[in-house]
Amino acid sequence: MNLRWSVYLDHNDDGRFDDPDEDLSQALLAIRWRRGMDRPHDSVAQPGQAEITLRNREGRFSPERGDLAQGRLLQVRSQDGAQSRVHFTGHVARVEAQAGALGSRRALLIAQDASAQLAGHHIRLPPLNALRADEIIGRCLDAVPLRRGRLRGTWLLGQVGQGELGRNTGLAPPNIGRQLGRDPDPLARVGDAWATGIPALAAIAEVCAAVRGRFHVDHEGRAVYLSRHQLLLEVAAQASFRDDMQGLRYSWADERVSQVEVLLTPRRRGQPGVIWTLEQALAIDAREDEAQQLLLSYRDAMGQPCGALDLIAPLPGRDWQANSRPDGRGRDLTDTLTLRLREAGISAALLEVRNSGRRAAWLLAGAQLRGTPLYSGDPLLVMQRSLASENRFGPAALRFDLPALDSLDQARSLARFELVRRQTPRGHVHRLSLEGGAQVRPALARRLFDRIRIEEAQTGHRDDYFIIGEEVEVTPEAGARLTWRLESAHSPFWILGRGRLNRGSLLAW
């Protein structure tokens with residue numbers, strides 16, 4: 001049975017692809033997509049992207065002529081006669097429609113998965129104390145107004161056709177589906193070094209790096225977090241490949257290390273006091289329906305940046321005053337202003353100022369915000385070293401700079417964990433390519449972080465790998481070509497019932 005490819009576009013925003021005009025297969029010319037990690041041991045996947053080339057003779061896929069709009073949900077599927085599979089789910093980010101009635105009249109739809117939205121939206125979070133990585137990642141996802149996969153029937157403020165009582169008054173679904181594995185260790189504090197904001201994907205990467213977890217958006221558009229233990233417990237290969245690959249990139253000993261260094265930043269609480277001061281008077285217009293927002297960066301008594309805990313809402317008269325003149329010599333207008341602490345983040349605060357009077361008022365210099373400063377100490381370097389590996393094969397160091405980590409015990413465990421699994425030189429397959437229906441069809445059942453076995457006679461290599469990334473190209477001329485990026489699944493750690501402790505097996509972290 002021939003392999004059939006389909007692309008669907010959710011025109012009516014109902015979260016399904018069952019309307020006749022949502023199947024774009026008749027206009028389909030080529031499909032390309034890329035998902036997953038760029039390199040072995042990366043903490044988060046790069047934003048996934050699909051490029052769909054379509055015939056556009058009638059202008060259906062020209063956004064200014066048709067009903068194609070940015071944000072629509074797109075899905076790539078295959079059908080091999082026995083099973084239909086989803087391979088990519090994302091939202092249309094842009095359209096490149098070729099102009100000219102005598103040209104090729106094609107359109108290129110470019111869709112991206114939710115990681116692109118996470119990478120483009122800055123977040124600030126409230127203090128997160130003693131929470132697991134999966135809990136913190138959930139908070140990061142909650143803080144981003146991700147485009148929903150279904151909007152039909154839900155209420156949208158100010159949107160015509162989305163606010164009728166009894167018809168479109170349901171709440172929108174969660175911003176993204178989630179499969180977040182439970183992490184074993186809590187982190188003491190996260191986010192105090194994020195200044196006035198950090199991209200959500202960078203925040204998730206910082207958390208994952210500190211506990212050696214992995215984060216990606218899967219083929220159906222769900223956010224997936226894997227703790228370090230989940231991959232250690234995945235011991236059975238789900239597919240095997242022997243000497244019949246179209247291409248394979250192999251190297252020896254390029255991931256060996258003899259020394260692992262972990263840089264961590266200890267924190268300590270200071271004494272409650274002033275953590276922000278307004279340096280010069282600020283004019284607040286008399287617009288009660290509009291509020292002015294101030295993003296406050298915390299400073300300690302020495303003027304150095306710091307985090308903050310236990311913020312106190314600013315009190316009129318004590319923490320701030322308003323006047324008709326910037327020098328404070330005019331009429332007191334403190335009663336006409338309202339200051340609201342809208343966000344009490346651990347790295348910065350968002351202050352909302354509203355003027356209910358009839359004239360502009362000046363928020364006087366010296367306005368302040370009180371709280372408990374959170375100081376970052378001098379970085380500490382924790383090191384684990386293998387003299388045996390260094391003496392036999394030479395020095396090779398690996399350093400982790402982990403702002404989210406402030407525990408010496410966790411840093412030592414992480415350094416030991418990484419050294420144990422990388423101190424011995426090994427052969428590694430980094431990329432594997434398959435081409436043509438006979439090779440690609442059985443591989444389409446595999447997903448990111450599935451475990452596969454590779455045997456190659458020329459190099460004598462035989463080992464297991466995790467699929468950490470995929471690139472697929474489908475064209476009428478060349479058919480389908482699939483390339484996987486791989487990471488070694490070799491683990492020297494002991495698993496109950498599968499090895500003898502201290503006989504080729506070690507305790508993991």
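1. Two strands count as paired here if DSSP finds at least two bridges between them. Keep in mind as you read that this is a predicted model. With that rule in hand, have a look at the open sheet of three strands, ordered S19-S25-S22 and paired antiparallel. Strand S19 (282-284) and strand S22 (322-323) sit at its edges; each has a single partner strand, so one side of each has no neighbour in the sheet.

2. Staying with that sheet, S19 meets strand S25 (residues 361-363) through three bridges, in the antiparallel sense.

3. Next, strand S26 (residues 368-376). Eight of its nine residues are buried, so the rest of the structure largely encloses S26. Strand S17 (residues 267-269) is joined to S26 by three bridges, antiparallel, with Arg267 facing Ser376. Strand S18 (residues 273-277) also runs antiparallel to S26, over four bridges, and there Thr277 is set opposite Gln368.

4. S26 has a further antiparallel pairing, with strand S21 (residues 307-312), made through four bridges. In this case Ile312 is opposite Arg370 of S26. For anyone following side chains along these strands, in a regular strand they alternate between the two faces of the sheet.

5. Strand S30 (residues 451-456) is another mostly covered one, with five of its six residues buried. On the parallel side of things, four bridges tie S30 to strand S14 (residues 239-242), and Ser240 has Arg453 of S30 as its bridge partner.

6. S30 also pairs with strand S31 (residues 461-475), this time antiparallel and through six bridges; Ile452 stands across from Tyr465 of S31. S30 and S31 form a hairpin with four residues between the strands, and Gly460 in that hairpin adopts a positive phi near 75°.

7. Lastly, the cysteines. How many disulfides does the model have? The count is zero, taking a disulfide as a pair of cysteine sulfur atoms within 2.5 Å. Cys208 is a handy example: the nearest cysteine sulfur belongs to Cys140 and is 9.1 Å away. Is Cys208 buried or exposed? Cys208 is buried, because its relative accessibility is 0% and the cut-off for buried is under 20%. Cys306 is buried too, at a relative accessible area of 9%.

Conventions. Residues numbered from 1 in each chain as written. Predicted model: local features only at pLDDT ≥ 70, side-chain atom pairs only at ≥ 80, totals over all residues. Heavy atoms only, no water. Helix = DSSP H or I, 4+ residues; strand = E, 2+ residues; numbered from the N terminus. Buried < 20%, exposed > 50% of the residue type's maximum accessible area, 1.4 Å probe, protein only.
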